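Hello,

I am handing over the structure we spoke about. Please look through it first; my notes follow below.

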Amino acid sequence: MFSPYYGEAIAEWILSSIEQQVANGANLANGIDIVEIGGGTGRLSLDVLNTLAVRHPAAYKHTQYTSVELTPQLSSQQRQLHEQHGAHTSRFRSNNTKMFNITRVRRPMARGNACKRLLACLLYTSPSPRD
């Protein structure tokens with residue numbers, strides 16, 4: 001129902017937030033890692049990556065999107081969705097893991113740069129009124 005508009009809005013928000021962080025001195029030398037917890041069918045990841053690829057190809061080139069999914073069925077469905085659309089197979093991965101065993105998602109969480117964990121943060125907090 002909200003596809004692709006919700007994904008487009010999320011992608012634009014991520015880029016806007018990254019631009020603010022870069023302006024404040026954040027280093028994006030290692031790329032942009034997006035982590036989604038509970039990716040469901042994978043539609044949001046597809047819409048976010050589509051938006052980045054079309055509207056912001058320079059950022060897309062340095063983006064890795066990881067979905068942390070509890071069920072093997074949904075994890076498989078997410079990968080299939082990306083394969084069916086022939087899209088983002090090198091930029092997307094779905095990890096089937098328990099929520100509290102997130103250490104299995106090594107690359108996005110290991111680098112320690114706050115802007116690399118943006119979508120995970122988005123799921124837990126909303127922007128303040130000043131943003």
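Predicted model: local features only at pLDDT ≥ 70, side-chain atom pairs only at ≥ 80, totals over all residues.

Residues are numbered from 1 along each chain as its sequence is written, and side-chain values use heavy atoms, leaving out hydrogens and water.

The protein chain has 131 residues, 40% of them buried (under 20% relative accessible area, 1.4 Å probe, protein chains only). Its secondary structure comes to 6 helices and 3 strands (DSSP runs, H or I of at least four residues and E of at least two, numbered from the N terminus). Along the sequence the pattern is α-β-α-α-β-α-β-α-α.

The 3 strands form an open, parallel sheet in the order 1-2-3; two strands pair if DSSP finds at least two bridges between them. Strand 1 (32-37) and strand 3 (92-96) are at the edges with a single partner strand each, so one side of each has no neighbour in the sheet. Strand 1 is joined to strand 2 (residues 63-69) by 6 bridges, and V35 stands opposite T66 in strand 2.

Helix 2 (residues 43-55) packs on the sheet and touches strand 1, strand 2 and strand 3 (contact means heavy atoms within 4.5 Å).

Regards

Technical notes. Axes fitted to C-alpha atoms, helices over the stretch in contact; angles between N-to-C directions. Buried < 20%, exposed > 50% of the residue type's maximum accessible area, 1.4 Å probe, protein only.
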